[in-house]
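Please look through the model below before reading on. The notes that follow are numbered so that each point can be taken up separately.

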There are 2 protein chains.
Amino acid sequence: MTLSGHVGSNPTPGVVFQEFRINCGDKMPMVADEKPTDVKYLFEPKSVAVVGASDDENKFGYFLMKNLINFGYDGKIFPVNKKRETVLGLKCYPTVDSIPDEVEAAITLIPAKFIPQVMKDCAQKGVKGIIVCTSGFRETGEEGIKLEKEIIDIAEKAGIRIVGPNTTGILNAINGFTSTFVILPQPRKGSVSFIAQSGMFASVMLEYMLTTQPFGFSKLAGLGNKVDVDDADILEYLNQDNNTKVIAVYMEGVSDGRKFYQVAKKIAAKKPIVILKSASSKSGGEASLTHTGSLMVKDEIFDALCRSTGLIRVEDLEELIDLTKAFALCPLPKGKKIGIIAYTGGGCVMSSDACERYGLELAKFSNSTMSKLTEHAPSFAIVRNPIDAELIRQGVGDMNASLELSLEAVANDENVDAISVVLVGLSSTKTIWDIDIKRIFAKIREEHPEKPIVATTLAGRELIEEHKKKFDELGIPFFPSLLRNIRALAALVKYSKIKFGKI
Amino acid sequence: MTLSGHVGSNPTPGVVFQEFRINCGDKMPMVADEKPTDVKYLFEPKSVAVVGASDDENKFGYFLMKNLINFGYDGKIFPVNKKRETVLGLKCYPTVDSIPDEVEAAITLIPAKFIPQVMKDCAQKGVKGIIVCTSGFRETGEEGIKLEKEIIDIAEKAGIRIVGPNTTGILNAINGFTSTFVILPQPRKGSVSFIAQSGMFASVMLEYMLTTQPFGFSKLAGLGNKVDVDDADILEYLNQDNNTKVIAVYMEGVSDGRKFYQVAKKIAAKKPIVILKSASSKSGGEASLTHTGSLMVKDEIFDALCRSTGLIRVEDLEELIDLTKAFALCPLPKGKKIGIIAYTGGGCVMSSDACERYGLELAKFSNSTMSKLTEHAPSFAIVRNPIDAELIRQGVGDMNASLELSLEAVANDENVDAISVVLVGLSSTKTIWDIDIKRIFAKIREEHPEKPIVATTLAGRELIEEHKKKFDELGIPFFPSLLRNIRALAALVKYSKIKFGKI
């Protein structure tokens, strides 16, 4: 799905929205290291020309201007529209080359047939990068293919980088720059960058993550037809971007396998790249050809590529977001020995199973940990890892004391590399299980910033939401199940091994 | 975790809550078919004696009485307590055998040392079944083991069935009968029955499901030490229970493999049994020994048991609940050919992948379906399964019309056995994607009650919750991801094959 289209016109359903069809081939002959920094003009331009800017509240050119203003874009905005004197109070220019100031980037929202002239104006002006949101190129047949070649030629000669066509393009949450022409909520600043095959999918995912996840964003890219800038180019840029700590990718196909391999291998050694590569099945590949024209990559080959480059491959969107959250919020563990605290025997059992399933080990507690726990547990209790913390609670007679005691013992234990906590609650016995989450977990994280901690709660909806809110505010990954706790820790361990090669 | 304990005393943390330790061996020599109907007295007694009933709002005996009254238990309640004349306005008796009326079931909440006498009174009175919530038996050592043997002997001679000891026991949502002594919300009546290894885990899971899932319950059982009634006995009973359509089981170990195999094989052919068997790993097995004393079953053996009996084995709690929901709300499909409608190209691609992964097929649409869809799609669109319904929306110019058209085409197609729908939304363009979910889906289900439909939405949190509410009210399974849509359909297909052997 894309919401791009013949922009500049009224965004009425069925009229302006058009799916792009083809997304491969005809790439400009560039390799990863040729112009590594060019892409930064598409994320961090000091100034931008908005071609198709509008005061008309029904037009994409209005939405885009509003986004730039609402997000607090820190560069200069030059509306370009032959029919207007001003747009949203800003002086408007008839063409890009009539702007008296320097223009680093341009965004186009006007119909495809006008784009070649805009490209020429941009070349004339010395624009460094252009985001062609406009659709109506190769995806519409012969005429569009010709038009697309024309703009590629002009850009190539002028050394202008292109994102698109046919995409919502770029969003830089740090400086407020964007080419997104659907109204989005203000993105939280953070360390996650996200690359998606289609711009609209990126927008929907962004809204989902903004409203359900605790992490913030650095850069987003939806690449559209990819006539020039592709995933590898964006990865190169994100590698250099100090705000980006973790990179999440949704991708249907790889157009230039060699380039992608080289770039992925280089960058995965520095920053975690979590990747959902769909179109892994025959029918998925066929659907992808219709969707974005991506060429299918054999799944075994892509798997091998991930293993040899160090990409963290995931199986679905839930896992993509789970692992992105873990990488965004957690330190990398020193090893694969997990300490587990669960307020239910069943949670202990299932957590143990999950560790084995994901190739993790249950830490063997030190003597000091064992004696500390044994001292407080009831006499009949067998203390071990996972800790059945309900027994400790019975021993010390208080929920918070039991949690603090267990957490500190485990966090202080040098045999423990990472911690998973499983809380439990019943609304009728809330007083028993009323937990001072913020104080206890803030303290433990302050004392042990080097150990990843993840949490989950088994309870009714209300209590789960209450706990989620608290852990989100603390910046401790909270997952809907203990299996997903362990899966997230396993990804941290896996990447720790990729990066440091030791575990 | 268990919240059972030395009940009758004050439920203060650290004093009365006690974990049971051992849960295997010493079974009464009964086989599945010997007394199949006896267990019904533990779920549907016409009258119950509550030994340890209390007016004291801090005692389990009060909570249990409140539950019986709040749930509207349709039988006679006889409080038993030597120290009281009445409890909650009901006449109270000093002993079970002093009750002048017939007593079919008894529940004990008094300390373990008094239980043998209670058993004798029950035998004297002709009680059919007794739920021993009390803990303090084998899990506490020598004395407890002796005590446990004593009550087993009395029960065996008198032909009384025992649930427990050391459990919250039974909940019958249909007639309001329960032995649960923690306050629970009123359970919705429905077709799901749930068996759990520990009673407290069952209570927490019940609260989770009641507050997050649209289905209702028939029977719940948490079995505790299982000195008599075990999973197989409960399965036998649920097989005969007309209110039970689907059975969900959380189990750590099987004590009598042969009996379980026979019963499972018989019942799985009639009703779907979704089972989460934990303690599948070495360390999980060790944790389970500490938790419920379950003997470990080799995972490959249990897998083989599931395959040959027709149990639907799942990997975690999320899947247990997902599949239970699908079985509770959906008809069984005639085959494995899936029709997919997705308002995002990415959703089409990922749904196709998921079908292949779970062994399903994308239905090949009939000519009539193809021409109906092609007629309304834009000229450039390639119509296929999965349907990129955003294109249909562009073609017909209206969200609801596109959904109705796509759904009807797919549901009418005899090549389609089941349907997965992927909706999409952005809060800023809500008007475009505003969907009349209730009307459209109610209609399609009325017209095609034979085809399972599942749905998911990719959007911000608010819209997802709005959609979930609507689908929940319709009784159409709504999942957090398209992968889980397909996984649920795959389970329906799998069971359809188990039951009818045709697909």
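**Notes on the model**

1. Chain A contains 17 helices and 18 strands; here helices (H or I, at least four residues) and strands (E, at least two) are DSSP runs, numbered from the N terminus. This is a predicted model, in which local features need pLDDT of at least 70 and side-chain atom pairs count only at pLDDT 80 or more, while totals for chains, interfaces and linings use all residues. Residues are numbered from 1 along each chain as its sequence is written, and chains are lettered from A and ligands numbered from 1 in the order in which they are written.

2. Of the 503 residues in chain A, 62% are buried. A residue is called buried if 20 or more other C-beta atoms lie within 10 Å of its own, exposed if 12 or fewer, and partly exposed in between, with C-beta atoms placed from the backbone. Contacts (C-beta atoms, placed from the backbone, within 7 Å) in chain A between residues at least 6 apart in sequence join residues at least 24 apart in 75% of cases.

3. The contact between the chains takes 77 residues from chain A and 76 residues from chain B. On the side of chain A, at least two residues each come from helices H5 (199-212), H8 (282-291), H10 (317-329), H11 (345-357), H13 (389-396) and H16 (461-474). H11(A) has the largest share, nine residues. By class, this side of chain A has 32 nonpolar, 29 polar and 16 charged residues. The classes are as follows: Ala, Val, Leu, Ile, Met, Phe, Trp, Tyr, Cys and Pro count as nonpolar, Asp, Glu, Lys and Arg as charged, and the others, Gly among them, as polar. The copies meet through the same surface, because 99% of the interface residues of chain A are also interface residues in chain B.

4. Which residues have the most contacts inside the largest nonpolar core? They are A:Ala106 and B:Ala106, in a core of 342 residues. A nonpolar core is a set of buried Ala, Val, Leu, Ile, Met, Phe, Trp, Tyr and Cys residues joined through C-beta atoms within 7 Å. Leaving out residues up to four places away in sequence, B:Ala106 touches B:Val48, B:Ala49, B:Val51, B:Val96, B:Cys122, B:Val127 and B:Ile130.

5. Chain A is assigned domain 1 (40-327) and domain 2 (332-500); the bounds come from an automatic or database domain assignment. The centres of these two domains of chain A, taken over C-alpha atoms, are separated by 40 Å. In chain A, 10 residues of domain 1 are in contact with 14 residues of domain 2. H10(A) gives the most to the domain 1 side, with four residues. That side has seven nonpolar, one polar and two charged residues.

6. In helix H15 (residues 437-447) of chain B, the buried residues are B:Ile437, B:Phe441, B:Ile444 and B:Arg445. They cover an arc of only 100° around the axis, so they lie on the same side of H15(B); the arc is that of the directions from the helix axis to the C-beta atoms. B:Lys438, B:Arg439 and B:Glu446 are exposed on the other side of H15(B). The buried residues of H15(B) pack against helix H14 (399-412), strand S18 (453-458) and helix H16 (461-474) of chain B.

7. Some backbone geometry deserves a check. Most residues other than glycine have a negative phi, and most peptide bonds are trans. A:Gly164 and A:Pro165 are joined by a cis peptide bond, with omega about 0°. A:Pro165 lies in the loop between strand S7 (161-163) and strand S8 (169-172) of chain A. A:Asn166 is also found in the loop between S7 and S8 of chain A, and has a positive phi of about 75° although it is not a glycine. A:Asn166 is buried, with 35 other C-beta atoms within 10 Å.

8. In chain B, a cis peptide bond with omega about 0° joins B:Asn385 and B:Pro386. B:Pro386 is in the loop between helix H12 (367-376) and strand S16 (387-388) of chain B.

Notes. Two residues are in contact if their C-beta atoms, placed from the backbone, lie within 7 Å.
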